[in-house]
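Subject: Structure handover

Dear colleague,

Here is the structure for your files. Please look through it before reading my notes.

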Amino acid sequence: MVGQALTDMAIRTLKARGTERIEIWDAKIPGLGVRASPSGTKSFVLVYRHRGRPRRLTLGRYPTLSLSAARQKATDA
């Protein structure tokens, strides 16, 4: 899940491919990413491990939740 530093411009231009969701990952906060669905909805997600098993936590929708607020929520979680 190595990515690039997310920017508002990168998130705004993110589009799903056909009927598949797409995810891009932030290089600044490990496990933080943005998921774009075919319907156009974009959500911030955090991938973490609990008892050795991977889990995914949805932090909120973009643009209701800003990138800086998503980074703060991910850090707090």
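The notes below cover the sheet, a buried aspartate, the nonpolar core and one alanine.

This is a predicted model, in which local features need pLDDT of at least 70 and side-chain atom pairs count only at pLDDT 80 or more, while totals for chains, interfaces and linings use all residues. Residues are numbered from 1 along each chain as its sequence is written, and side-chain values use heavy atoms, with hydrogens and water left out.

Sheet

Four strands make up an open antiparallel sheet, ordered S1-S2-S3-S4. Strands are DSSP runs of E with at least two residues, and helices are runs of H or I with at least four, both numbered from the N terminus. Two strands count as paired if DSSP finds at least two bridges between them. Strand S1 (22-25) and strand S4 (53-62) are the edges, each pairing on one side only. On average, neighbouring strands are turned by 30° against each other, direction ignored (axes are lines fitted to C-alpha atoms; angles run from 0 to 180 degrees between N-to-C directions). Between strand S2 (residues 32-36) and strand S3 (residues 42-50) there are five bridges; Leu-32 has Leu-46 as its bridge partner in S3.

Asp-26

Asp-26 sits in the loop between S1 and S2. Its relative accessible area is 3%, so Asp-26 counts as buried (under 20%; exposed is over 50%, partly exposed in between; 1.4 Å probe, protein chains only). The Asp-26 side chain makes a polar contact with the side chain of Arg-71 at 2.9 Å. Such a contact is a pair of N or O atoms within 3.5 Å; within protein, one must be able to donate a hydrogen and the other to accept it, and residues adjacent in sequence count only if both atoms are side-chain atoms. A polar atom of the Asp-26 side chain also lies 3.3 Å from the backbone nitrogen of Lys-28.

Core

The largest nonpolar core has 16 residues, of which Ile-11, Leu-32, Val-34, Phe-44, Leu-59 and Ala-74 touch the most other members. A nonpolar core is a set of buried Ala, Val, Leu, Ile, Met, Phe, Trp, Tyr and Cys residues joined through side-chain atoms within 4.5 Å. S2, S3, S4 and helix H2 (67-76) each give two or more residues to this core.

Ala-36

Ala-36, in strand S2, is buried, with a relative accessible area of 1%. Ala-36 and Ala-16 are 20 residues apart in sequence, and their C-alpha atoms are 5.6 Å apart.

Regards
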